[in-house]
Amino acid sequence: MSTSSAAVRQPKRQDTWTGQTGFLLAAIGSAIGLGNIWRFPGVAYSNGGGAFLIPYLVALIFVGIPMLWLDYSLGHKFRGSPPWALRRIRAGGEFIGWFQVLVCFVILVYYAAVIAWSAQYTIYSVNQSWGDDALGFFTGDFLQVVGGDEFSWTPVAAVAIPLALVWVFVLLILGRGLSKGVEAANKIFLPLLVVLFVVMVVRALFLEGAVEGLNAFFTPQWDSLSDPHVWLAAFSQVFYSLSVGFGIMLTYASYLKPKTNLTGTALVAGFANSSFEILAGIGVFSALGFMAHGQGVAVGELEGLTGPILSFVTFPQIVSMMPGGSLFGVLFFASLVLAGITSLLSLLQVVSGGLQDKFGFTPVSAALAFGIPAAIVSLALFGTKSGLNNLDIVDNFINNIGVVSGAVAMALLAAAFSPRLKGLRAHLNLVSTVKVPRAWDGLVGLVVPAVLIFMLFSAIVGYVQEGYGGYAQSFVNIFGWGSVAFALLVAAILTLLPWRHYGVSAQTVTELLAEDDAPDAPGAAVPVESNPTELREGVEE
């Protein structure tokens with residue numbers, strides 16, 4: 001058995017996508033999540049309306065798509081999860097990879113709770129259980145929220161029961177593996193999501209006052225284009241929406257077959273995601289226009305135009321006002337459930353893939369190894385009376401600090417060490433029809449990190465100087481800074497543990513990694529001139 005040839009540098013994967021269509025559906029399903037529906041419309045409205053689409057498209061082209069290409073190139077070239085792929089670039093890259101995995105872990109434990117809320121509200125929509133006080137019902141009767149300086153272990157049955165069912169459901173899917181589980185689920189859920197959401201949007205367009213809502217959404221405020229905060233908001237929206245830079249698309253790309261049109265697939269996934277966001281804006285603001293018309297106020301005078309309040313307070317109010325509202329509510333919240341599940345599966349696959357790569361777990365054993373602890377943490381922290389507060393703090397810190405810092409580190413790692421961005425670009429161009437220009441190197445190596453570092457710096461300064469959300473500082477420290485510290489600590493521990501690839505002896509993996517650490521090692525870079533089939537070969541004993 002030789003460990004010196006390029007052919008041995010790619011670990012075998014136990015499963016792959018059945019085809020490019022399956023991968024594309026999963027990639028789009030990951031990108032289309034809860035944020036598309038409840039975040040984009042409000043962000044666009046408050047940052048220039050129709051004019052916001054200009055910085056949004058610029059951000060998509062100059063940040064979103066380039067970062068997608070980076071994720072795809074790393075996953076496809078090194079055929080592994082973030083710890084393995086980034087470790088093959090540089091020894092220290094493994095820590096960055098595990099940090100990305102742990103960021104996904106933190107996100108998925110609370111993301112499941114929002115899916116549980118949506119599932120429960122799908123049922124509530126049938127008889128409009130929230131009555132005349134949607135806000136009081138959501139925070140009081142449903143979530144039973146305690147004060148921002150109080151932690152509670154008391155479970156809330158209306159949340160904990162559907163949350164437990166969500167975990168059983170998604171872990172069963174994950175345990176079936178990539179093609180039979182994640183891919184098969186996306187082939188069902190994503191088309192169903194699109195159908196349900198289109199039906200809901202069409203219904204919203206025929207509501208009285210819908211045109212007023214669309215005018216508010218699309219009317220351009222051209223002076224906003226001179227505001228740097230508007231551009232930063234556009235970059236942030238695209239970055240989070242596409243699920244780039246924190247391991248998801250890298251992991252998904254690692255399961256692709258040798259002859260795959262990477263760049264073309266990224267373009268389709270990116271623009272499909274953005275199209276859905278615009279569709280969501282049309283549906284949401286048509287409904288908000290109806291609500292404003294009924295109350296005799298302008299759309300801008302409405303409260304709760306983004307986030308959970310939009311979904312679980314404002315929309316229930318709209319449902320109560322409109323004829324046939326129950327059906328509209330079922331469609332809306334069922335869409336949230338489907339969008340959430342497709343995104344949750346992608347987060348789960350990142351963690352599962354990392355454990356499979358390093359410890360030789362099967363999909364079933366990986367699902368059990370982290371899925372059971374994740375479910376317990378999810379129920380203990382987000383299925384209780386303080387669940388909403390905990391979720392709000394963790395979500396802001398792990399996204400604004402954890403996700404962004406992981407993306408910056410990955411981009412700088414790829415730019416600084418072999419095969420460098422030039423080699424990754426060559427790999428993309430070798431297997432793709434749409435060729436990546438040289439300007440990509442500068443975008444990913446300089447522009448994107450600069451933008452993300454500014455976002456990261458702004459977030460950290462804001463949290464240090466002002467705290468967050470009026471919560472007690474002790475809670476911000478525990479759930480905010482603590483969530484980031486948890487990801488860093490566990491990432492360090494996992495980095496120190498020895499490798500044991502499935503189908504590869506521990507000695508072989510050690511030898512491969514030792515080669516990468518050699519002073520003249522090419523960073524595990526398979527020569528880009530190699531035959532694409534050779535690029536995907538695994539270790540053979």
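Contact, as the word is used in these legends, means heavy atoms within 4.5 Å. The structure shown is a predicted model.

**Figure 1. Overall fold of the predicted model.** The secondary structure of the protein consists of 22 helices and zero strands. With a radius of gyration of 23 Å, close to the 24 Å that the globule rule gives for 541 residues, the protein is as compact as a globular protein of that length. The C-alpha trace spans about 75 × 50 × 45 Å along its principal axes. Of the 541 residues, 59% count as buried. The accessible surface comes to about 19300 Å², and carbon and sulfur atoms account for 66% of that surface. Among contacts between residues at least 6 apart in sequence, 85% join residues at least 24 apart.

**Figure 2. The largest nonpolar core and the surroundings of Y72.** This core has 180 residues, and those with the most contacts inside it are L70, Y72, L108, W117 and W167. Helix α6, residues 93-127, gives the most to the core, with 22 residues. In soluble globular proteins, nonpolar side chains tend to be buried together. When neighbours within four places in sequence are left aside, Y72 is in contact with F23, A27, K77, M249, A253, L262, T265, A266 and A269.

**Figure 3. T265 in helix α13.** Helix α13 covers residues 262-295 and includes T265. The relative accessible area of T265 is 3%, under the 20% limit, and T265 is therefore buried. Residues up to four places away in sequence not being counted, T265 touches Q20, F23, L24 and Y72. L24 lies 241 residues from T265 along the chain, yet the C-alpha atoms of the two are separated by 6.7 Å.

**Figure 4. Helix α20 and its bend.** Helix α20 runs over residues 473-496, 24 residues in number. From its first C-alpha to its last, α20 reaches 33 Å, close to the 34 Å expected at 1.5 Å a residue. A bend of about 45° is found in α20 at G482. The buried residues of α20 are F475, V476, F479, G480, S483, V484, A487, A491 and L494. An α-helix has 3.6 residues a turn, so residues three or four places apart point the same way. The partners against which the buried residues of α20 pack are α6, α15 (325-359), α16 (363-382) and α17 (387-416).

**Figure 5. N390 in helix α17.** The place of N390 is in helix α17. With a relative accessible area of 2%, N390 is buried. Apart from residues up to four places away in sequence, N390 touches F151, L381, F382 and F479. Of these, F479 is also listed among the buried residues of α20.

**Figure 6. L355 in helix α15.** Helix α15 holds L355. L355 has a relative accessibility of 12% and counts as buried. Not counting residues up to four places away in sequence, L355 touches W98, G360, F361, A366 and F370. The C-alpha atoms of L355 and A415 are separated by 26 Å, and the two residues are 60 apart along the chain.

Technical notes: Residues numbered from 1 in each chain as written. Predicted model: local features only at pLDDT ≥ 70, side-chain atom pairs only at ≥ 80, totals over all residues. Heavy atoms only, no water. Core = buried A, V, L, I, M, F, W, Y, C linked by side-chain atoms within 4.5 Å. Buried < 20%, exposed > 50% of the residue type's maximum accessible area, 1.4 Å probe, protein only. Helix = DSSP H or I, 4+ residues; strand = E, 2+ residues; numbered from the N terminus. Expected span 1.5 Å × (residues − 1). Bend = angle between axes of the 7 residues up to and from the residue. Rg over C-alpha atoms; globule rule 2.2 N^0.38 Å. Areas by Shrake-Rupley, 256 points an atom, 1.4 Å probe, with all protein chains shown as cover.
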